[in-house]
Amino acid sequence: MTGHPSYGLPWGQDRLLPIFLATVAIRQRSPRITFSSAAEMLDAFGLQQGGSQYRRLVASFQRIFGATIFFGTETQLERTAVVHSARFNFMSEARIWYSRSSLERLLPGDCQNMILLSDEFYREILDHPIPTDLEAAKALSSSPAVLDLFMWLSYRCFTARGQERIPLFGPFGLVNQLGSAEYARPRKFREKLEGWLDLVRTMWPECPASIDGDGTGLFIDPAHAVLPLVVSNARN
């Protein structure tokens, strides 16, 4: 991932933006998302009203908009090498209006906050909607590592066809999927994971995830992060 030279890489609570943009796009069935006021945007993202919160949200937009994710593989065949590369952006256009008054709820004239999702991002959220509890995501927003685990479990439990065991360590282990070298020490990561799972269960009591007996893997079972009766609504 590369960041915008002026705004840097996304970090911390910036990870909430793609979650909520995907939700609004599914509800509106359109890659073009509009907000008529700063207050409406803050409400949608679960933030308190105020100019400082709005500026913080705008800064998150600038970092997410300016970020490009690169994917690539290199395959060495018998007679030739194959390099496959792709790039991904969340948004193709964004117009965010600033108001000099933090008390102004409606923007003047025909001014609207507008976000246009990239074709790749919009196709992905239409083709692979993942039911998740957005209120839980808001509640966990102050703990980015727990939010990452909650979203990852929402996806893995939703797509599981039976009980699965995910290794905690190694090239494809959970520690690498969560992407933090800080937790490379096995004992430290297991302790952190136990605490994160406890917080996830406060939002999702039925979460079917547990660390195995020897502390090297995580067991999961098929489940929804929201009640089955409202799964269709959670996708919207």
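This is a predicted model: local features need pLDDT of at least 70, side-chain atom pairs count only at pLDDT 80 or more; totals for chains, interfaces and linings use all residues.

Biologist: What makes α1 a mostly covered helix?

Modeller: The count does: 11 of the 13 residues in α1 are buried. For the protein, buried residues make up 39% of the 236 residues.

Biologist: How many helices and strands does the protein have?

Modeller: There are nine helices and eight strands. The accessible surface comes to about 13600 Å², and 52% of that surface belongs to carbon and sulfur atoms. Of the contacts between residues at least 6 apart in sequence, 62% join residues at least 24 apart.

Biologist: How do you know that the length of α1 agrees with its number of residues?

Modeller: At 1.5 Å a residue, the 13 residues of α1 should span 18 Å, and the end C-alpha atoms are 19 Å apart, so the two agree. For α3, the 16 residues should span 22 Å, and its end C-alpha atoms are 22 Å apart, which agrees too.

Biologist: Why are α1 and α3 called roughly perpendicular?

Modeller: Helix α1 (residues 16–28) and helix α3 (residues 51–66) pack at an angle of about 90°, with their axes 10 Å apart. Angles of 65 to 115 degrees count as roughly perpendicular, and α1 and α3 are therefore described that way.

Biologist: Which residues meet there?

Modeller: From α1 come Leu-17, Pro-18 and Leu-21, and from α3 come Leu-57, Ser-60, Phe-61 and Ile-64. By class, this contact of α1 with α3 has six nonpolar, one polar and no charged residues.

Biologist: Which residues of α3 are buried?

Modeller: Among them are Tyr-54, Leu-57, Val-58, Ser-60, Phe-61, Arg-63 and Ile-64.

Biologist: Let's stay with Ser-60 in helix α3. Why does Ser-60 count as buried?

Modeller: Its relative accessibility is 8%. The cut-off for buried is under 20%, so Ser-60 is placed in that class. Leaving aside neighbours within four places in sequence, Ser-60 is in contact with Asp-14 and Leu-17.

Biologist: What follows α1 in the chain?

Modeller: Arg-29 does, and its phi is positive, near 50°. Arg-29 is a residue other than glycine, and it is found in the loop between α1 and β1 (32–35).

Biologist: Why does Arg-29 count as exposed?

Modeller: Exposed means over 50%. Arg-29 has 58% relative accessibility, so it counts as exposed.

Biologist: Now to Phe-169, in the loop between β6 (164–167) and α7 (174–178). Why is Phe-169 called partly exposed?

Modeller: The relative accessible area of Phe-169 is 22%. Buried needs under 20% and exposed needs over 50%, with partly exposed in between, so Phe-169 is partly exposed. Not counting residues up to four places away in sequence, Phe-169 touches Val-175, Pro-186, Phe-189, Arg-190, Gly-215 and Thr-216.

Biologist: Where is Pro-222, and what makes it partly exposed?

Modeller: Pro-222 sits in the loop between β8 (217–220) and α9 (231–235). Its relative accessible area is 41%, so Pro-222 is partly exposed. Pro-222 and Gln-163 are 59 residues apart along the chain, and their C-alpha atoms are separated by 6.9 Å. Beyond its neighbours within four places in sequence, Pro-222 is in contact with Cys-157, Ala-160, Arg-161, Gly-162 and Gln-163.

Technical notes:
Residues are numbered from 1 along each chain as its sequence is written. Side-chain values use heavy atoms; hydrogens and water are left out. Helices (H or I, at least four residues) and strands (E, at least two) are DSSP runs, numbered from the N terminus. Buried means under 20% relative accessible area, exposed over 50%, partly exposed in between (1.4 Å probe, protein chains only). Contact means heavy atoms within 4.5 Å. Accessible areas come from the Shrake-Rupley method with a 1.4 Å probe; for residues, only the protein chains shown count as cover. Axes are lines fitted to C-alpha atoms, for helices over the stretch in contact, and angles run from 0 to 180 degrees between N-to-C directions. Angles under 35 degrees count as roughly parallel, over 145 as roughly antiparallel, 65 to 115 as roughly perpendicular and the rest as oblique. Ala, Val, Leu, Ile, Met, Phe, Trp, Tyr, Cys and Pro count as nonpolar, Asp, Glu, Lys and Arg as charged, and the others, Gly among them, as polar. The expected span of a helix is 1.5 Å times one less than its number of residues.
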